[in-house]
Amino acid sequence: MTHRRRDISVLLFTIGSLSCYNPVMFPPFPQEKAYQLCKKLVSLLRANKICIIPIARQSAERKNQGIMLGAMTCMDKAGTEHVNLVTVSGISHTIAFHNKEDFIYIPPVVAPEFITQALEKNDARIHELTSLIQEAKAAGGDDHECIQKLQRERKALTTESLQNVHHLYAFRCADGSMKSLKSICAERINGALPPTGTGECCAPKLLHYAFSHDLVPTSLCEVFYEKDNTDIAPCPPCSERCGIVLPAMLGVEILYRDEHIVIVNKQSGVLSVPGRGPDKQDCIVNRVKRLFPQCMEQPAVHRLDMETSGILILAFTKEAHKHISRQFEDGQVKKQYIALLDGVLAKKGIPQEGQSELYFRMDVDNRPHQIWDEVYGKKAVTQWKCLNVEDYTAPDGTKRPATRVLFMPHTGRTHQLRLASADSHGFGIPIIGDTLYGTCAQGERLMLHAQYISFTHPVTGKQIELFCPPPF
């Protein structure tokens, strides 16, 4: 399968002609209560009532830098007991308390001594290689082949050491399961090595503890603390490291959230809403309700097919749900999808862009398939634009041409885009990985992603535009 590194989602709020975007990870929980806890932590540090002390070796360049502080407020499952959690990022520092405070300090997910042990095997040789490389370069560096050989050996040992460290990490998730960092990286970044320090930012530490102790997070915040800086402001979780770990721990990737709505990037292979039977209860709706117990019973404003990924809106309140649902019914919500079609549309004489009007209804003898019916079918209107033809690499390593298409549906019919692609009345070329109207090889997914949505916020009245790039 062709993969691209997932770019960070971009949220745009448009007011009049002014648009702005914030290419960072959106805070998964409200920040205010935890921010007050962070400010209390900072005031105690400045009053010398608590102190940050080093517990592991620091690099010289980081010795006098500031540090991230994190706080989380939680409730127990019964909603009766309040618990306050605090921590610092990384493994090289801890907080020493002089008096008992009303919060629990959360240590690193993996103790520093275990990380030291994981690094010891190759540490001496890596340092030796670094010295040899520096000496060779200082001597004139004429033997480039020798230097490159030393560099390759050092890179291999460094990679092995990082893998040894990463194999130590596993996180308790919102659903109670444990996920290793290795499996998370396989899911999120195609098995690539994550950045050094992944898993030891404040947010994953706090969530790991909360989920391990059956606590429900109510607020989460991080701040950057410097001894001589009085400006303490909330920071979102980092995209580089937390952007890998947090969606796996939470079960959803949150693109936007406030007290009225939450918008997520739905994974391919996960249901939007629960189905019939106990084996179909794991879905985006139930994952969101687990994270936000105050959520209404049926929060999904619209749906995406199980195999489709991308932007999905859910409402926390009945009023918000009703308001956005009406926008969908009235055709006021603008949507864009990206698809990879299994072939070259131009070879079939299909124009670069256009609009189709097709008619489909449920095939009652072969659910959930839809079939063409010009008399009784519902009209599906789809605007499209062919973006480019590219090589698609299948799971078995073979390559074939595929057409990247931008779809802009004006109606919301079942399987509308899959049918506009695969049916003979449409393009006659299915989307790659379509289990219903095409073919899906082992290890393949439906190459269809909801990348853009625009609608009016149900309470503020502001226009919200959300862009979430496809993972393919």
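Asp305, Glu307, Arg418 and Asp434 are joined up in a network of salt bridges, a salt bridge being a side-chain nitrogen of Lys or Arg within 4 Å of a carboxyl oxygen of Asp or Glu. By that rule the count comes to 18 salt bridges. The model is predicted, with local features needing pLDDT of at least 70 and side-chain atom pairs counting only at pLDDT 80 or more, while totals for chains, interfaces and linings use all residues. Residues are numbered from 1 along each chain as its sequence is written, and side-chain values use heavy atoms, with hydrogens and water left out.

Arg125 turns up in two of the pairs described here. One partner is Glu128, with a salt bridge of 3.2 Å from N to O. Both residues sit in helix α2 (residues 112-138), 3 residues apart, or about one turn of the helix; helices (H or I, at least four residues) and strands (E, at least two) are DSSP runs, numbered from the N terminus. The other partner is Glu153, and here the N to O figure is 2.9 Å. That pair links distant parts of the chain, since Glu153 belongs to helix α3 (residues 144-166) and Arg125 to helix α2, 28 residues apart. As for accessibility, buried means under 20% relative accessible area, exposed over 50%, and partly exposed in between (1.4 Å probe, protein chains only). Arg125 comes out as partly exposed at 28%, as do Glu128 at 42% and Glu153 at 30%.

Another salt bridge pairs Glu444 with Arg400, their closest N and O atoms being 3.9 Å apart. Glu444 is in the loop between α9 (416-422) and β20 (448-456) and Arg400 is in strand β19 (residues 399-409), so this contact ties together parts that are 44 residues apart in sequence. Glu444 is buried, at 12% relative accessible area, whereas Arg400 is partly exposed at 25%.

Helix α6 (residues 242-250) is another story: 9 of its 9 residues are buried, so the helix is largely enclosed by the rest of the structure. The run goes from Cys242, Gly243 and Ile244 through Val245, Leu246 and Pro247 to Ala248, Met249 and Leu250. The cover over these buried residues includes the strands β8 (170-172), β9 (178-180) and β12 (253-257), along with the helices α4 (181-188), α5 (202-212) and α7 (284-291). After α6 comes Gly251, with a positive phi near 90 degrees.

Then there are the aromatics, with 10 pairs in the structure. Rings of Phe, Tyr and Trp (its six-membered ring) pair if their centres lie within 6.5 Å; planes under 30 degrees apart count as stacked, over 60 as edge-to-face and the rest as tilted. Tyr169 and Phe171 have ring centres 6.1 Å apart and planes at 25 degrees, so they are stacked. Both of these residues are buried. Trp384 and Phe427, with centres 5.0 Å apart and planes at 80 degrees, are therefore edge-to-face. Trp384 lies in strand β18 (residues 378-393) and Phe427 in the loop between α9 and β20, so the pair ties together parts that are 43 residues apart in sequence. Trp384 is buried at a relative accessible area of 9%, and Phe427 is buried too, at 7%. Finally, Phe29, Phe292 and Phe316 make up one aromatic cluster.

How values were computed
Contact = heavy atoms within 4.5 Å.
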